[in-house]
Amino acid sequence: LNTFHQYSLLEHPDMPIDFKYCNLCAVVQEYFADKYADIEFAGFHIDADIPEEAMYCMMDRILIIRALDNIVNNSLRYNTKGTTIAIEIKKNGNNIQIRIGDNGIGISQENRETLFDCFVKEENEGGSGLGLAITKKIIVAHQGQISLCDEGTLGMKTLFDILLPMVTECDLEKPV
């Protein structure tokens, strides 16, 4: 019920989003540092390529962490010990590109097209089927894009490509 409530909040046009000028690389590094023990305890590995260079965007830190957490928790829930969760951040034109995925069992072909729809989940699996729908709503609310890459991209079975608009201090000084 809590997940469904959060999804419905993101649908509401007056949903408050607390945009702040944040270093996305630092936020993602902090998230994975906090999550590291859980990932290691589950028998998974992390392959992180997060630059030390600051890359800024306007974001609601809590929502972005929720989006990352939905993807990572799916990796932990649906894969076996020994799976590697990979995260990569880099500049891509005027965007920050986040690639996050795993080398686990992958996503069935029939679910790949509707993965971001409500209540879509693998057959015989638990969960609400709302996590990735919420993740997409969060990314779109940040003027970003999320997509599922073709299986095998960068050696991953499941890989999400997220683009968020990069913001510089100069951009902050421009009138809206």
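## About the model

This is a predicted model, in which local features need pLDDT of at least 70 and side-chain atom pairs count only at pLDDT 80 or more, while totals for chains, interfaces and linings use all residues. Residues are numbered from 1 along each chain as its sequence is written, and side-chain values use heavy atoms, leaving out hydrogens and water.

## The sheet

Strands here are DSSP runs (E, at least two residues), as are helices (H or I, at least four), numbered from the N terminus. Two strands count as paired if DSSP finds at least two bridges between them.

Strand 6 and strand 7 run antiparallel and are joined by 4 bridges. Gln145 has Leu163 in strand 7 as its bridge partner.

The buried residues of helix 3 include Leu63, Ile64, Ile71 and Leu76, where buried means under 20% relative accessible area, exposed over 50% and partly exposed in between (1.4 Å probe, protein chains only).

## The nonpolar core

A nonpolar core is a set of buried Ala, Val, Leu, Ile, Met, Phe, Trp, Tyr and Cys residues joined through side-chain atoms within 4.5 Å. The largest one has 40 residues, and Leu24, Phe32, Ile100 and Phe160 touch the most other members. Among the elements giving two or more residues to this core are helix 2 (24-41), helix 3 (61-78) and strand 7 (158-165).

Not counting residues up to four places away in sequence, Phe160 touches residues including Ile71, Ile98, Ile100, Phe116 and Leu148.

## Two loops to look at

Now for the loop between helix 5 and strand 6, where you will find His142. His142 is buried at 3% relative accessible area, and its contacts beyond four places in sequence include Phe19, Asp60, Leu63 and Pro165. Gln143 is in the loop between helix 5 and strand 6 but is exposed at 64%. Gln143 has a positive phi of about 60° although it is not a glycine.

Leu154, in the loop between strand 6 and strand 7, has a positive phi of about 55° and is not a glycine either. Leu154 is exposed, with a relative accessible area of 53%.

Definitions and conventions:
Contact = heavy atoms within 4.5 Å.
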